[in-house]
Structures are given as structure tokens and as C-alpha cells.
Amino acid sequence: MATEDERQQSTALLPSGVTITSLGRRGEGIAEIDGHRIFVPFTLPGEQVEIEVEGDRGTLREVLVPSPDRTTPFSPYFGACGGCTLQHLGADAYAAFKRSLVVDALARAGLDVPVADLVLAHGSGRRRATLHARTHGAGYMRLRSHEVLPIDHCAILVPALREAAPRMAQQLQAVLGDCDVAFTATATGLDIAVRTESRPKPQRLVPLGQRLQAARIALNGELVLQSRPPAVQMGKAMVELPIGGFLQATEAAEAALAALVLEGVGKTKSVVDLFCGVGPFALRLAEKARVLAADSDAPAVAALGQAVRHTRGLKPVTALRRDLFRDPLAPAELDSYDAIVFDPPRAGAAAQAAEIARSRVRTVVGVSCDPGSFARDAAILAAGGYRLESVTPVDQFAWSAHVEVVGVFRR
């Protein structure tokens with residue numbers, strides 16, 4: 001156990017004039033002190049700051065000389081909340097930083113390819129949010145902490161959630177005890193999914209659920225109350241969302257990613273959509289091409305199949321449940337198609353990329369929420385004879401260090 005003297009030595013308030021040299025991949029400023037890199041949130045390159053240091057982490061105490069790229073954060077919770085940590089970064093520098101995350105990831109993978117300017121896809125705000133509800137309030141986690149920061153509004157959410165989500169989460173906590181509440185704003189109303197370790201009886205939620213007038217309320221993955229199916233528009237189709245199903249955080253980002261996918265695929269008669277989810281790409285692609293859509297998520301595949309059956313004017317769509325990590329589609333299954341689209345989870349699609357690299361399919365469009373795993377998968381395709389023709393970063397998680405990527409490959 002460290003002595004008091006050792007603890008005091010590990011935490012030090014440094015003298016004025018520490019200079020921030022660059023931004024790290026998480027958007028934290030980096031200072032070089034005695035040969036060590038110190039990561040300091042809420043600082044910008046070129047700034048002179050006073051910081052407190054513990055290990056390789058720095059805490060900002062004062063900005064002595066600000067960067068010309070510094071701007072005034074809009075949220076009253078900035079600096080305490082663990083989200084939206086780049087609100088202090090001006091628009092041009094922010095766009096350059098987001099694009100650099102993609103450029104640097106590709107360079108580390110040995111890929112030299114033009115990267116387009118950042119596409120802003122914030123729209124009217126995020127339609128999805130998960131709040132942590134505790135006795136003292138509902139909100140997000142504090143920076144570098146598992147402690148909840150209570151909030152009464154969140155400016156980055158769509159209007160239907162900005163003030164309603166914290167209030168509803170606290171009402172749910174009053175009934176169920178400590179819980180996490182996931183909200184999704186859909187075309188038919190709010191979809192609310194509650195997670196708690198207390199295992200309350202679902203019936204306790206019914207009176208509150210009726211008062212909240214949500215489209216659906218689920219508890220620990222099980223349906224409690226539904227007045228109408230939560231649904232979203234995807235191209236011509238209306239898709240009823242499964243409980244806990246994945247959906248892009250903003251409607252604008254889904255539209256932007258889909259537009260880039262459609263442009264990349266071009267004029268084609270048949271497409272494979274891998275890691276298809278509920279069909280944000282497959283349903284739009286099916287307006288002009290035959291589609292094989294595959295994913296391991298059974299409820300998502302079922303929702304896609306239902307949407308296809310209830311939508312007129314689509315080409316044939318085959319919705320296939322398949323674990324693409326353990327059982328990726330092989331070249332013999334891919335080669336009869338004109339194009340492939342893949343949009344895996346954050347970990348990427350190494351096994352599936354290896355099979356695509358062995359295929360004869362001419363066009364491949366990759367979509368990713370992680371530049372690092374995208375670059376790794378892109379290198380696999382490049383080694384198999386594909387050329388990465390273009391890369392576009394898309395920004396839906398505003399003021400965070402997350403960025404989406406769309407890349408077009410040609411054999």
C-alpha cells in the first residue's frame with residue numbers, strides 16, 4: 001500500500017507553462033514532460049496550461065494561453081460529463097481532427113488512399129441515448145468515473161428526448177430502483193428498454209408505462225407494455241424495431257451512410273449485405289437490386305424479413321441468419337453477386353474480410369464505426385487484390401472522438 005508521501009509524489013501540480021503538443025486519438029491533449037506523455041482532457045495543441053498530474057493522466061487547472069481553435073462549450077455539464085469532450089474545439093479544427101483519425105489509422109495499416117472531407121451527420125440530434133438512473137438523479141457517467149452525473153436535459157438529443165429522457169429515467173428509478181434506461185425516438189413514439197439487477201416484477205411498470213405514453217417499454221429484454229410497435233423509415237420500408245436492436249444514433253447519419261453505400265455499389269443487379277442488422281442498407285439497395293442480407297442477430301433478421309414482406313416495389317431479398325464471425329460466407333457463396341457491403345460491429349470483420357479477399361466480386365463497400373478495425377480489414381482486402389478507391393469519414397457522434405468510415409474497394 002502506498003504511503004502518504006508516495007501518493008503526494010505521484011500527484012503533482014506542475015508549474016505554469018506546460019505546453020500541449022498534440023491531440024490523442026481520444027481527443028485528449030498531450031503534453032511531453034520529462035520524456036513522458038501526459039494526457040490532459042479539454043486542452044488543445046499549442047496551449048500553455050497549468051495541470052495536476054497523476055501517472056500519465058493530467059487534470060486541467062487553468063488555461064494560461066488559449067489556442068485560437070478554442071471555443072465556448074454549449075453544455076453546462078461540459079468538463080464533468082464523460083461525453084461530448086470536444087465541445088471546446090472550433091469547427092474547422094474539429095473536422096480536421098475527426099478526419100485525421102481515419103488518415104492515421106490507414107497510414108498505420110500501410111494504406112495510402114485519398115480521404116474525403118468529414119461529412120457532418122448530426123441532424124436534429126441523437127435519437128438514441130442510455131441514461132443511468134440512481135437515487136440522486138439520472139444522467140451519464142462523469143469523466144474517468146463510474147459515478148453518475150445527474151442532468152436535467154441533454155442538448156445533443158433529438159427534441160423528443162432532450163428534457164424528457166432524464167425525467168422519465170428518474171421516474172423509472174423511483175419505481176424500480178437503480179437502473180439503466182435506453183431510449184429510442186421512433187416514428188411511432190418512444191421505445192424504452194430498462195435494465196436493472198434488482199429483478200422487479202414487470203407488473204410494477206405498467207401504471208407508469210401507461211402514464212409515459214411510450215410506444216413500448218421492455219424490462220431486462222422482455223416486453224412489458226406496447227401501445228404500438230416502435231418503427232422507423234428505411235427507404236420505402238417501415239421497420240419495426242426488435243427490443244434492444246441496433247440503430248444508427250442519428251437519422252442523418254443513417255441516410256448519409258446509406259447514400260455513400262448506394263453510390264459505391266453503383267449500378268448493379270445483385271448485392272450481398274453482410275452484418276445487415278434490421279436493413280438500413282439492404283432495404284434501400286433492394287429498391288434496385290436483388291439482395292442477400294446476413295446477420296447473426298435473429299430478431300434483427302426477422303424484423304428485416306417482416307419489413308420486406310410489407311413493402312411494395314422491392315427486388316427479392318433473402319434474409320439469412322448467419323454467424324459471420326464463426327461461419328463467414330465463402331467465395332462460392334459470394335461470387336454470383338455483383339457487389340458486397342459489410343458493416344460489422346466495432347471489432348471489425350477479419351474472418352469475413354479474408355473470405356471476401358478470396359472472392360471474385362468486383363465491388364466491395366466497407367462501413368465501420370472504428371477506423372482501426374476498418375484499416376485492418378482494408379489491409380486484408382488489399383492483400384487479396386482489392387484497391388481501396390475512396391474513403392469518407394462521417395460524423396454522427398458529435399463532439400466525441402468517434403467517427404464512422406465508408407470505403408469503396410474495386411478488384
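1. Helices and strands here are DSSP runs numbered from the N terminus (H or I, at least four residues, for helices; E, at least two, for strands). This is a predicted model, where local features need pLDDT of at least 70, side-chain atom pairs count only at pLDDT 80 or more, and totals for chains, interfaces and linings use all residues. Residues are numbered from 1 along each chain as its sequence is written, and side-chain values use heavy atoms, with hydrogens and water left out.

2. Strand S15 (residues 231-234) and S16 pair in the antiparallel sense over four bridges; to pair, two strands need at least two bridges between them as found by DSSP. Val232 has Val239 in S16 as its bridge partner. Buried means under 20% relative accessible area, exposed over 50%, and partly exposed in between, using a 1.4 Å probe and protein chains only.

3. Next, the seven-stranded sheet. This one is open, with mixed pairing and the order S10-S9-S8-S11-S12-S13-S14. At its edges sit strand S10 (148-150) and strand S14 (222-226), each pairing on one side only. From one strand to the next, the twist averages 30 degrees. Within the sheet, strand S8 (residues 128-134) and strand S11 (residues 179-186) pair in the antiparallel sense over six bridges, and Thr130 has Ala182 in S11 as its bridge partner.

4. Helix H4 lies across S8, strand S9 (137-141), S11, strand S12 (189-195) and strand S13 (216-219), running at about 140 degrees to S11. Angles run from 0 to 180 degrees between N-to-C directions, and axes are lines fitted to C-alpha atoms, for helices over the stretch in contact. As a length check, the 13 residues of helix H4 (residues 164-176) should span 18 Å at 1.5 Å a residue, and its end C-alpha atoms are 18 Å apart, so the two agree. The expected span is 1.5 Å times one less than the number of residues. Just after H4, Gly177 takes a positive phi of about 90 degrees.

5. Worth a click: Gln173, which lies in helix H4. Gln173 counts as buried because its relative accessibility is 12%. Leaving aside residues up to four places away in sequence, Gln173 touches Ala133, Arg134, Thr135, Asp178 and Cys179, where contact means heavy atoms within 4.5 Å. Other buried residues of H4 include Met168, Ala169 and Leu172.

6. The eight-stranded sheet is open too, with mixed pairing and the order S7-S22-S23-S21-S20-S17-S18-S19. Strand S7 (119-120) and strand S19 (317-321) are the edge strands, each pairing on one side only. Strand S21 (residues 363-368) and strand S23 (residues 404-410) pair in the antiparallel sense over six bridges, with Thr363 opposite Arg410 in S23. H2 packs on this sheet, touching strand S22 (387-395) and S23, and its direction makes about 145 degrees with that of S22.

7. Finally, the helix pair. Helix H2 (residues 91-108) and helix H11 (residues 371-383) pack at an angle of about 35 degrees, with their axes 8 Å apart. Leu101, Val102, Ala105 and Leu106 of H2 make the contact with Pro371, Gly372, Phe374 and Ala375 of H11.
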